[in-house]
Amino acid sequence: MVLKIPKRTAIVLVLACFLQGCVPGAMMTADHEFLEGDSLVEEPEPSTPYPLSLIWVVSPNHSLEDTISALEFLAERYDHWNLVLALPSASLKDLSPEQKSRLARLGEHRRVTLAAQLYGSLPLGMLTSTRRFLETHLNLAPAPDIPQRILRESEVSKLLLITEELWLQTFPQMPNPGLVLPLGQWPAAIPKFKALKDFSWVVTASTTGLTGCDGSHWCRGFMIPASSLGESSLRGIVAIDETYSPPAPDPRPILDDIFRRHDNEEVSWQLRSLESWGDLTIAPKYPDQFSCLNPCSSWAGPQSAGVLWGTSAQEQYWATMAQWRKDIHQYQNSGKATISTLDQIWEEYYRWLDYRLPSSLARGRERSSTDVALEQTFIAGVKSIYQKMFPVLGKTARLADTLDSAINGDSSQDLTAGARSQLKFFDRYDNFPQEAGIPNIDSLDLSWNDQEITFQIRFSTAPREWPLMELYIDLNNQSYAGASDSADGRLHAAANDYWEYLIRAGPESGLTLYRYSPQGAPRERAALKETLQWREGVLSGRFPRLWIAGKNPRNWGWALCSQPAGDTLERDCLHSVKTLEDVLPFMRPDFP
């Protein structure tokens with residue numbers, strides 16, 4: 001739920017972490033009264049000050065230098081105050097020695113208690129139950145191709161371990177930090193991992209009235225909305241969340257107002273450190289009954305995660321992360337993975353499971369050069385990781401130049417300088433030295449219109465006689481759908497490259513179309529002789545567009561092999577990446 005601050009757009013999220021004696025019941029109004037049946041009962045005055053703890057949840061997109069400077073400004077103005085500063089774990093490595101020293105000085109006399117955010121600062125609900133999260137938090141009915149989840153529940157423990165490792169590397173003198181979870185979420189389906197024992201406390205939000213701390217280091221409460229920073233709203237744990245409060249609040253004037261009122265003793269509450277809640281032996285004199293006003297399903301309300309979803313680029317990001325994890329598991333379980341490579345792959349994966357990239361792709365955001373560079377680094381990183389896995393998986397990353405280009409739709413990015421109806425692939429690797437008389441493919445050019453598809457195959461070394469050619473087409477981009485081997489059975493396609501069509505070309509037969517058949521050998525479907533030409537090391541031809549059932553050749557996978565005419569086993573295939581010798585290498589427009 002949301003706190004509105006007068007004359008500001010800042011939003012303060014109030015999380016009441018009550019001790020014993022709080023049960024759901026009556027409902028707080030904007031006038032700080034309580035509704036009991038049909039009558040209004042004024043809120044009773046507390047006999048002792050309400051304990052109040054403040055958490056400043058720093059956005060991964062905000063400057064740590066600005067945050068430290070703001071705290072130093074407050075330290076100069078006020079003597080008696082304290083708060084928890086929850087730092088994004090992914091930003092810890094960016095702290096300079098000088099900034100660490102300044103934070104240590106702010107921590108003197110317990111003014112500032114440093115805490116960690118979960119690595120990546122992404123809501124656990126979105127990672128472990130993506131479709132359900134979108135339905136409950138953004139009121140969306142996700143399309144069938146939206147992944148059910150990004151992470152398995154067991155993989156959340158890795159996020160916790162990374163958080164702890166980064167903290168200890170940055171602040172070795174301050175082990176066992178507190179932990180603030182993004183959106184205050186800890187999905188009920190996930191066990192409380194043993195890794196959590198290394199954190200001194202964990203703060204979460206709850207959807208129902210609770211009795212506060214459970215006797216360990218878990219404190220839970222529920223949201224209390226109010227129209228202003230009134231006395232009734234400032235109690236329990238108040239989180240000023242820069243990350244998931246739309247629009248992002250400016251904590252400086254909020255904290256300045258709270259500390260001023262506290263110093264002037266104008267309040268009925270007392271600032272306390274979060275750790276001190278465990279020291280309270282007597283429950284504070286709160287009103288007897290509380291209830292959560294709707295909506296209270298999360299830390300910051302139903303629309304608070306909208307910054308992570310809503311554009312085609314964001315959908316592409318999440319789809320990429322889901323598929324990437326599946327492929328890592330396939331590589332990991334192949335029996336051929338090396339430990340060092342696997343560790344590098346997982347490290348890179350968790351590096352990109354981070355709030356900064358998807359939030360930079362949000363609708364209405366004016367993208368900076370840093371945002372663009374971050375996206376390009378991500379795309380390059382994914383492709384690089386797939387190259388590491390390629391010898392085992394035989395897969396390449398089908399990503400365009402930007403995430404805004406759909407993986408299976410029409411791409412807005414062209415890989416050639418010509419029209420959208422052209423593609424060009426270059427041969428970049430040879431599995432073995434080419435012998436004399438063996439064709440050595442240099443490139444494949446494809447173009448098409450509504451009537452026909454044209455190809456040109458250029459050879460860097462060409463035989464004197466007309467070479468034979470085999471052009472394989474993977475139409476549907478679906479794993480294990482189609483033929484797995486080349487026509488002679490000597491080459492094998494990766495699981496996601498099984499093909500449906502084969503076009504063979506030769507001086508006697510011309511062009512012949514074959515269609516994959518699950519009942520046996522590929523079946524001949526059509527033939528043409530007059531459309532094939534061989535001239536000065538270039539083999540060219542064309543065939544009707546109706547030969548192939550697919551709509552857009554840019555979405556197909558292509559494989560090309562050539563050999564001399566006659567009875568020979570020697571051949572050359574077009575390789576855009578290096579492969580094993582027995583692999584039928586497919587190319588895709590987004591990975592030339």
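Reader: Buried means under 20% relative accessible area, exposed means over 50%, and partly exposed is in between. On that scale, what is Arg367?

Author: This is a predicted model, and in it Arg367 has a relative accessible area of 34%. Arg367 is therefore partly exposed, since 34% falls between the 20% and 50% cut-offs.

Reader: What does the side chain of Arg367 meet?

Author: The side chain of Glu375, in a salt bridge with an N to O distance of 2.9 Å. Glu375 counts as buried, because its relative accessibility is 4%.

Reader: How many salt bridges in the structure?

Author: There are 19.

Reader: Take Asp445. Which side chain meets it in a salt bridge, and at what distance?

Author: The side chain of Arg458 does, at 3.8 Å from N to O. Asp445 sits in strand E18, residues 440-448, and Arg458 in strand E19, residues 452-461; the two are 13 residues apart.

Reader: Is Asp445 buried or exposed? And what about Arg458?

Author: Asp445 is buried at 18% relative accessible area. Arg458 is partly exposed at 34%.

Reader: Which residues are joined into a network by salt bridges that share partners?

Author: Glu65, Glu72, Glu98 and Arg102 are joined into one network that way.

Reader: Arg102 is in helix H2, I think. Which residues of that helix are buried?

Author: Helix H2 covers residues 97-106, and Gln99, Arg102, Leu103 and Leu106 are buried in it. Viewed down the helix axis, the buried residues of H2 fall within an arc of 100°, so they line one face.

Reader: What is on the face turned away from the buried side?

Author: That face carries Pro97 and Arg105, which are exposed.

Reader: And what covers the buried residues?

Author: The cover includes helix H1 (64-77), strand E8 (83-87) and strand E9 (112-117).

Reader: What is it in contact with, leaving aside neighbours within four places in sequence?

Author: Phe425 is in contact with Asp442, Ser443, Leu444, Leu446, Trp558, Leu574, Met587, Arg588 and Pro589. Of these, take Arg588: Phe425 and Arg588 are 163 residues apart in sequence, yet their C-alpha atoms are 8.7 Å apart in space.

Reader: Now sheets. What is the strand order in the open sheet of six strands?

Author: The order is E23-E22-E21-E20-E26-E27, with antiparallel pairing. Strand E23 (520-528) and E27 are the edge strands, each pairing on one side only.

Reader: How many bridges between E22 and E23?

Author: Strand E22, residues 510-517, pairs with E23 over six bridges in the antiparallel sense. Across that pairing, Leu513 stands opposite Ala526 in E23.

Reader: How many disulfides, and which cysteines are joined?

Author: The count is one disulfide. Cys561 is joined to Cys573, with an S to S distance of 2.0 Å.

Reader: Why is the disulfide right-handed? And are the cysteines buried or exposed?

Author: The torsion about the S-S bond is about 100°, so the disulfide is right-handed. Cys561 and Cys573 are both buried.

Reader: Last one, confidence. What is the average pLDDT?

Author: The protein averages 75, and 74% of the residues score at least 70. Over residues 209-215 the pLDDT is below 50, and that stretch has 23 contacts in the model beyond near neighbours in sequence. Over residues 406-420 the pLDDT also stays under 50, with 28 contacts beyond four places in sequence.

Reader: So how should low-pLDDT coordinates be read?

Author: Not in detail, where pLDDT is low.

Terms used. Residues are numbered from 1 along each chain as its sequence is written. This is a predicted model: local features need pLDDT of at least 70, side-chain atom pairs count only at pLDDT 80 or more; totals for chains, interfaces and linings use all residues. Side-chain values use heavy atoms; hydrogens and water are left out. Buried means under 20% relative accessible area, exposed over 50%, partly exposed in between (1.4 Å probe, protein chains only). Helices (H or I, at least four residues) and strands (E, at least two) are DSSP runs, numbered from the N terminus. The arc is that of the directions from the helix axis to the C-beta atoms. Contact means heavy atoms within 4.5 Å. pLDDT is the predictor's confidence in each residue, from 0 to 100. A salt bridge is a side-chain nitrogen of Lys or Arg within 4 Å of a carboxyl oxygen of Asp or Glu. Two strands pair if DSSP finds at least two bridges between them. A disulfide is a pair of cysteine sulfur atoms within 2.5 Å.
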